[in-house]
Amino acid sequence: MPSRSPAPQPKTCQSCGRSIEWRKKWERDWDSVRYCSTACRKRGVTQVDRQLEDAILDLLARSPASAAVSPSDAARVVAGDDGWQDLVEPARRAARRLVERDQVEIVQHGRVVDPSTARGPIHIRRAR
């Protein structure tokens, strides 16, 4: 019976911060896979995405150690009062990228959750 090779190391999408599921078609070039989908590859990481990451870290730095912030807080910092709603999902992606770098944690109801599968309202706090 032929032996199966061990599953490759898990990866995180550089754009959205979600876990990348290994696919057979990537077997030969798994080391070069950086994005989970065509949409993420096209979107990439923009200057606004970097601003959202910085806004999240700045909001947390100015808050008490146990405080958590919302993605919409970061969106308001970057976009102001007009158009911040369009930046809420990009702020969630920014938070997931920061989780990958062990800078923050994503929580729901006070418990740390997997950023790839979290649905609904989330909060972001400093990594512990």
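In which loop is aspartate 102 found? Select the segment between α4 (88-100) and β4 (104-108): aspartate 102 lies in the loop that joins them.

The model is predicted, so local features need pLDDT of at least 70 and side-chain atom pairs count only at pLDDT 80 or more, while totals for chains, interfaces and linings use all residues. Residues are numbered from 1 along each chain as its sequence is written, and side-chain values use heavy atoms, with hydrogens and water left out.

Display the whole chain as a cartoon. The chain contains 4 helices and 6 strands, where helices (H or I, at least four residues) and strands (E, at least two) are DSSP runs numbered from the N terminus. Followed from the N terminus, the order is β-β-α-α-β-α-α-β-β-β. The C-alpha trace spans about 60 × 30 × 20 Å along its principal axes.

Next, colour by accessibility. Of the 128 residues, 39% are buried; buried means under 20% relative accessible area, exposed over 50%, and partly exposed in between (1.4 Å probe, protein chains only).

Return to aspartate 102 and inspect the backbone. Its phi is near 60°, a positive value in a residue other than glycine. Aspartate 102 is exposed, at a relative accessible area of 64%.

Then select histidine 109, in the loop between β4 and β5 (111-112). Phi of histidine 109 is near 55°, again positive in a residue other than glycine. Is histidine 109 buried or exposed? With 80% relative accessibility, histidine 109 counts as exposed.
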